[in-house]
Amino acid sequence: MGKVLMKGNEAIALAAVKGGCDAFFGYPITPQNEIPEFLSKYMNEHGKVFVQAESEVAAINMVYGAAGSGVRAMTSSSSPGIALKQEGISYIAAAELPCLIVNVMRGGPGLGGIQPSQADYKQITRGGGNGDYQVIAFAPENLQETVDVVKESFEIADFYRNPVMIAVDGLIGQMMEPVDLDRPIRKRNLEEKKWATTGQSTGENRRIVTSIHLDPYDLERHSMKLFAKYQKIKENEQRYELINMKDAQFIIVAYGSMSRICRSSIELLSEQGIKVGMIRPITIWPYPKKAFDEIPASVKGILCAELSTGQMIDDVLISNNGRWKVNFFGRTGGVLPEPEEIVEAIKKMMGEV
Amino acid sequence: MNQIVYKKTKGLTDTELSYCPGCTHGIIHKLIGEILEELNVIDRSIGVASVGCSVFSYYYFNCDMQQAAHGRSCAVATGIKRSRPDSIVFTYQGDGDLGSIGIAEAIHAANRGENITVILANNAIYGMTGGQMAPTTLIGQKTTTSQAGRSEALHGLPMKISEIFAQIPKAAYVERVSLHNPQHVLKAKKALKKAFTYQMEKKGFTMIEFISTCPVNWGMTPNEALKWAKESMIEYFPLGVYKDSGDEHE
């Protein structure tokens, strides 16, 4: 197919289909509407499932039912809609159902705005639903990377029997970039879904999808089983990009649209003789803690840059573990900074170390 | 010569029911199991257990089962049925689960004409949580959250769920039945069979509302509860077929 120029949300929708999506359930919310709009036509024309649900709450529970029946199911939404889905996401994680959730993030809290934001980092990585659970979350920075991880998401979800979230900010959903939708993805060694309720079994072989464990010892066992899975994911699935690390004086940690802006800031700083590198998390859960062990001795400090008042900074501080000075730069509410603002933040830090 | 005149349906497992003595959930379970067996669909059925006393109903129905979040059974059933259109899909919900927290999911599943069967056990109370007021609690009925009795001024009138669903054009079959005597149990079974048959014929959304009892939370003996169901509940919730679009499709 080669490269085609596509709008982010439409590229996400097509990539999901290429990744094997059988069923989509969603509810309108800006700035992700092109995803359900595209799929409403595509899925029906290709004999697949598309349902516009009565609410985000219903949509995520339809995903539960479909994923529980063994098909590759997904939903998409944006920040306040994802808030509504959190209960269902907790149940899906508890019942160990694989699915894809696309979150085209906008500004909050409350109804907030519709401009790009990263203020849902904690909602995504700390779990907005109840209980000990985690969602595998990717935060790509451009359309090609987004398309690639969307296509791969069902493989990862099926492999771990866990929901996968693709968290892009509204900028990535709305912008156009050339993408190759046919790049190969890493295939996992997947087993048949012998747990799925396909409606073909009775007696001792019948299949049950549930999240209730009233006996505390039983629930503890189940939670520890999930915990062991999450540990495995933390060990195997951290993804990040290291940029300009050699001889760097400072390191920026940024993801998504913010990392794109920081790339320009790094060039500007380089022109002024200041060497700055970047850790760019591609997964925000599991957090790429390993990247911090690759920071060279030349580094004097770390700047965490986000489109929020400071949420990922907690993970930066944990990963940093007291090794370097850490400063924060953020714009929020849907405001995107100029590259010069990050240049200033680095220069300010130079005076402090 | 000995002859077997009655045996437990294959539609139910051998697991001991968790319901309180005298509660009518057991009868509804038996009827569903018998219908699944008689229609020969046990091995192509997927049931959805809801939140409430029937949360563990997945232990009892001898088919694949999913357990849904509170109120979300009809959304979960939609996801299942759309993904597995050849399976027989049913939900088992209480009046709190369907009539209160899950009313949107149920109404919209009906409005889309989802080809599923909804089994509603209406006992006019929240049973599992210990007897709180439900949307179907009768006027004057005392519950732990309406201790002076349900008041029209404070709480509004009990919701007539079958009547509401009968208004929905894509609802194919809606009937309210009771279990207060054997004659009505047999009638209820016929209604249930019709609903499942309609689903097999792809006629769309079907719902059977069972007037059910909760002796423990009503503070009655099982016999008193059946009498109260017959005298008080049926007076406010009249039995009968509220919607039958079967003929329209034939």
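Predicted model: local features only at pLDDT ≥ 70, side-chain atom pairs only at ≥ 80, totals over all residues.
Strand β9 of chain A, residues 208–209, pairs with β2(B) in the parallel sense, over two bridges.

Next I looked up the contact between the chains. I counted 36 residues from chain A and 29 residues from chain B in the contact. On the side of chain B that touches chain A, the elements giving two or more residues are β1 (45–49), β2 (64–67), α2 (73–83) and α4 (103–111) of chain B. Which of these gives the most? I noted α2(B), with eight residues. I also sorted that side of chain B by residue class: 13 residues are nonpolar, nine are polar and seven are charged.

I turned to chain B as a whole. I listed ten helices and seven strands in its secondary structure. For the radius of gyration of chain B I noted 17 Å, close to the 18 Å that the globule rule gives for 250 residues, so chain B is as compact as a globular protein of that length. Along the principal axes, the C-alpha atoms of chain B fill a box of roughly 50 × 50 × 30 Å.

I checked burial and found that 56% of the 250 residues of chain B count as buried. Last, I looked at sequence separation. Taking contacts in chain B between residues at least 6 apart in sequence, I noted that 67% join residues at least 24 apart.

How values were computed: Residues numbered from 1 in each chain as written. Chains lettered and ligands numbered in written order. Helix = DSSP H or I, 4+ residues; strand = E, 2+ residues; numbered from the N terminus. Rg over C-alpha atoms; globule rule 2.2 N^0.38 Å. Buried ≥ 20, exposed ≤ 12 C-beta atoms within 10 Å, placed from the backbone. Contact = placed C-beta atoms within 7 Å. Nonpolar A, V, L, I, M, F, W, Y, C, P; charged D, E, K, R; others polar. Pairing = 2+ DSSP bridges.
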